[in-house]
Amino acid sequence: MRAVRSGLSALVITSMFLLAPSASGASSPPSRARASFPVTVLSAGGKVTIASRPTSIVSLSATATEMLYAIGAGPQVRAVDKYSNYPPNAPITNLDGFSINAEALVKYHPDLVVVSYEPAGFVAQMAKLKIPVLYDPAAPTLAVAYHQYLGLGRATGNYARAVAEVGRLKARIAQIVRTTPHVPAGTTYYYELDPTYYSVTSHTFMGQLLGLLGLSSIADAAGVNTNGGYPQLNAEFIIQANPDYIFLTDGPCCQVTPQSVAARPGWSVLSAVSHGRIVNLNADIASRWGPRIVNLLQEVANAIKKYQG
Amino acid sequence: MVAGVSTTVPLLIAAVVLVVVVVVSTAIGPASLSLATVLGVLASHVPLVHYHSSASAVANAIVWEIRLPRVVLAGLVGSMLAAGGAAYQGVFRNPLADPYLLGVAAGAGLGATIAIVTPRASFEWLPVAAFLGGAAAVSLTYLMGARTGQRSSGTSIVLAGVAVAALFTAIQTNLQQQHAADLQPVYAWILGSLSTASWTDVRLILPYVVVSGAVLLAHRRLLDALRIGEEEASTIGVHPQRVRLVVVAAATLGTAAAVSVSGLIGFVGIIVPHLVRLTTNASYRVVLPVSMISGASFLILADLGARMLEAPGEVPLGVVTAFIGGPFFIFVLRSRRSQQGVL
Amino acid sequence: MRSPAPSPGSRGALRVEGLVVRYEQTVAVRDVDLAVAPGEWLGLIGANGAGKSSLLRAVARLSPYEGGVHIDGHDTARLSRRHFAQLVAYVPQKPELPVQMRAIDYVALGRLPHLGYFGAEGPQDRVHCGELLARLSLAHMSDRPLGAMSGGELQRLVLARALAQEAPILLLDEPTSALDLGRRVEALELVDELRHERSLTVVSALHDLTLAAQFADRLVLLAQGSIVAAGPADEVLVEGSLDQHFGTRVQILRSDDGEVIVVPRRQRERT
């Protein structure tokens, strides 16, 4: 859910720019060579200059943690916040990315801090302590997520691995889309964020991902940008819209299961219920924009294969 | 205040309005169904009438399982909040007292938050936890107020309520901070919504609303007696402290039950009794029952707004009532009638 | 001096024994004994702070007291609040009058002691209240809010509420202090008529000594919480005693029909 909220601010910052390091030539591809430092990166928090290759990174963003490990920056990570539960070997701490305690953070002597949520004045506060902060809020699109990979790669001296990882993700997604049977036009889903029927429209990060498989959200009827693309839907509307698929991400928080959805008063008339097309998605992956989105896409693709086949 | 208006006329008018409001809001919804379909579904559910509606299973599910329980639940919650507000205003002799005055809201909020952040607690426990939290907060308020206050005057209890509410809110905020990932359900509950209303919710709160409403109604004369002050009331055989305890207990029980399924919906408990006072003769013999009926109408209409304003999206019900309540409040504060003192 | 109202064997005998009222450090009423016969009007007089209101409030069970208060032989401390309210009606010096309340609803409050806890007024109660309003010339004001009534009308209305209790004993604390001279006499005349009509025992604190002499059957002069004189007006209202207890010079005159008239005098000569 936290990704949902911060997604709003990500929409405001429509794109992110990464500045090439001024010292190195624009034509020469960056390498792991120390020559690429100091480096200047522009994140949503502003221009950040990193003097030398960081060796004590603190990640206060569960998504950034996954990305850092995916691009090989894992050994440079000193501490991650309590929501960074993946990969399991990340040095998890009591730090809280949504309620940042600057003092507790400084104890880790970070030489780079990555956040996905920035309380007012945080970047300026860290600047006084000469600690560079990369602010990578929830990505509104895959393209922005790819930019974040590259930014992290540049900032940590793992640019080549980052480029490779983006390439791998693009290839995997293309492969999943290619190998999944086409759904009939107008195939819809209801994506449940919580048991009070908050949902996503096709314009959100998740909506775009599912759109790659030809699916569209019933929530689009509420206006694709209502509440930042995350409207609360009316129950009787869901019944009348009769979605072909139901995707659940509120299992861990709220004990919602395909069985409990089927048991909701009135919901038994839905064809997704009667055909068993209710899919429990991994809530952690679904609220992040990191490397494991391909796993989630694969889950949905598997469901489609099963029911189309 | 029209001379000669009997007490039954306002009651009748309020009842007729409620019937119209129920019919209209059952007929309207984000799922557009024809009036005939809606009526057909309703007729097929009337006991002993063997009418087989030609309406589809979908229409039946929408009208009978989703729309009607929501209308009924809005009515029960609105009725309870309005009656609770009128009762609190009576026992504390303050026209701005609301049913959340003694900490029900803060307590219920804390209870709901605990239920949401407790890892193994089921989401179904939310109403129970909210109810327990609300009742606990008011009990604590009452104990503190009775201890510290000389002569157990209303003021010391209200002050204790402020302190308890602050304490519970602080604990709740702290819990929220520690479980930031679970914030959304907490926020959704605090904003107030009937979006998941079902007959189960109706059955859950009905006993509380009936008992609480009956007790409050039975005290309507005694609330009038309190209007002449505790001392004079005691000379006509009334125990002001006992009346206050019973009325506050009943109002709290009902309010906590209502809030546990609806979340925090503001202003109903102030607007409705106030409007009723302005249009009737201000005796609790009329204000209490008419507020109950009109509170139901008010919240059903507000919830119709919550359903329809951004259909098929939802607007939080608490936001709708606040939108109506804010301007209304300013109007009331500026009106001459309220400056004369209402109680 | 009028004769006590005829009330043979009726209810409303009030007896006060060894009554003491203390507020924190001070003693407001010390060791007062009183006996009021059914139908009698007893006037309490005395300077401010002499204990008139404290005595009335104790009898009305509004402040804690030591000693005994008995009505028709029953210890009032043992009566339930409701039962007590059926026996004693109390009108405070400054009644609280909710401006939006209707006259008829205000009077109906007086019926509460006769209703059960959850009881509702029946048609008889309504009729009774209507008759009271009519008796006190307020019939046309039945639906009027209290905020729209004059001082004299409110005075009668408060009396109507007390009468609605149908209690044999009526306690009045300075009932006329807010009224002008004419309304004051009217109000006392009304109380007198009503007590004869309804065989009421009246105990009232009275400011105006001349009026007290004309209306009460018997006067009790209080000073510093104690009774210093009691009896018919011409025995209680004597110059030396009043000078002492009111702290001013008074002159007692007699009207042609024998009524006592108390005239306060200046302390110093006109200069």
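How many bridges join strand E3 of chain C to strand E9 of chain C, and do the two run parallel or antiparallel? The legends below refer to a predicted model.

**View 1. Strand E3 of chain C and its pairing with strand E9 of chain C.** Five bridges link E3(C) to E9(C), which spans residues 218-223, and the two strands run parallel. Within this pairing, C:Leu44 is placed opposite C:Val220 of E9(C).

**View 2. Pairing of strand E3 with strand E8 in chain C.** E8(C) covers residues 201-205 and is joined to E3(C) by four bridges, again in parallel. Here C:Leu42 lies opposite C:Val203 of E8(C).

**View 3. Side chains of strand E3 in chain C.** The strand comprises residues 41-46, and six of its six residues are buried. C:Trp41, C:Gly43 and C:Ile45 point one way, whereas C:Leu42, C:Leu44 and C:Gly46 point the other way. In a regular strand, side chains alternate between the two faces of the sheet.

**View 4. Contact between the two domains of chain A.** Domain 1 of chain A spans 2-172 and domain 2 spans 182-308. The contact involves 27 residues of domain 1 and 19 residues of domain 2. About 2,000 Å² is buried between these domains of chain A, with carbon and sulfur atoms giving 60% of that area.

View 5. Two salt bridges are counted between domain 1 and domain 2. A:Glu66 and A:Arg292 form a salt bridge through their side chains, at 2.7 Å from N to O. On the side of domain 1 that touches domain 2, helices H1 (2-12), H2 (62-70), H5 (142-156) and H6 (159-179) of chain A each supply at least two residues.

How values were computed. Residues numbered from 1 in each chain as written. Chains lettered and ligands numbered in written order. Predicted model: local features only at pLDDT ≥ 70, side-chain atom pairs only at ≥ 80, totals over all residues. Heavy atoms only, no water. Buried < 20%, exposed > 50% of the residue type's maximum accessible area, 1.4 Å probe, protein only. Pairing = 2+ DSSP bridges. Domains from an automatic or database assignment. Contact = heavy atoms within 4.5 Å. Buried area = accessible area lost by both parts, 1.4 Å probe. Salt bridge = Lys/Arg side-chain N within 4 Å of Asp/Glu carboxyl O.
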